[in-house]
Amino acid sequence: PANYQIAYFTRVNDTSALETLDVSNPKAKPKLLASLPNTDFKISWPSQDTIFLSDRSNALFSGSVLSFDLKTNTFSSVVQKRVGLDVQWNANGTMGLVLAGSALGRGGTLGIIDNVGNLLHKMTFLTLPSKCVFVSSSTALQASTTVSSVFLVCGIPRNTATLSNSPLPDAYD
């Protein structure tokens, strides 16, 4: 998130190896973090110490989100088995906007979660997490006091009924 390290998967026989590489160093070797059964995760690395692994979104498939702590080399479950699961994290990985599809495979719900999966706020509108961005702002109240705020800015479709009746996120993807 703040340097030239990248995280990626390589396939070795029937497993996927999660590795990092410092691309600023031409002599650097890949560092193996973990081996998993052959999977197809999306990687999100918003904070220095945490990598999030999410199943690829599908309206009829139950997906999960795992966090990998780089300090302790341990996995934790963030969200488990949600149909149509899609997540967009804020810049430091403390909050995520999560789309969870309905059991019928149409529409879904949108909410903000913390980095361990607790629901912080349920949204009253429906859009895809990829259409939103978290924006931070600081305001000086007095010489010694600064208040930080986080805003969520989203693109919302004009015809929300169509989105609510579509298999999400597949209809968009």
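Predicted model: local features only at pLDDT ≥ 70, side-chain atom pairs only at ≥ 80, totals over all residues.
Is Cys 154 buried or exposed, or something in between? Its relative accessibility is 22%, so Cys 154 counts as partly exposed, because the buried class is kept for values under 20%.

With a relative accessibility of 5%, Cys 132 counts as buried.

Show the side chains of both residues and look at their sulfur atoms. A disulfide joins Cys 132 to Cys 154, with an S to S distance of 2.1 Å. A disulfide is a covalent bond between the sulfur atoms of two cysteines. The structure holds 1 disulfide, and you have found it.

Turn the view to look at the S-S bond itself. Which hand does the disulfide of Cys 132 and Cys 154 have? The torsion about the bond is about 115 degrees, so the disulfide is right-handed.

Next, colour strand E12 (residues 132-142) and strand E13 (residues 145-154).

Switch to a cartoon view and follow the whole chain.

The C-alpha atoms fill a box of roughly 55 × 50 × 25 Å along the principal axes. Of the 173 residues, 35% count as buried.

Finish with a surface view. The chain exposes about 10400 Å², and carbon and sulfur atoms supply 51% of that area. If you colour by charge, there are 13 positive and 11 negative charges, and their mean positions are 4 Å apart.

Key. Residues numbered from 1 in each chain as written. Heavy atoms only, no water. Disulfide = S-S within 2.5 Å. Helix = DSSP H or I, 4+ residues; strand = E, 2+ residues; numbered from the N terminus. Buried < 20%, exposed > 50% of the residue type's maximum accessible area, 1.4 Å probe, protein only. Areas by Shrake-Rupley, 256 points an atom, 1.4 Å probe, with all protein chains shown as cover. Lys, Arg positive; Asp, Glu negative; His and termini not counted. Charge placed at Lys NZ, Arg CZ, Asp CG, Glu CD.
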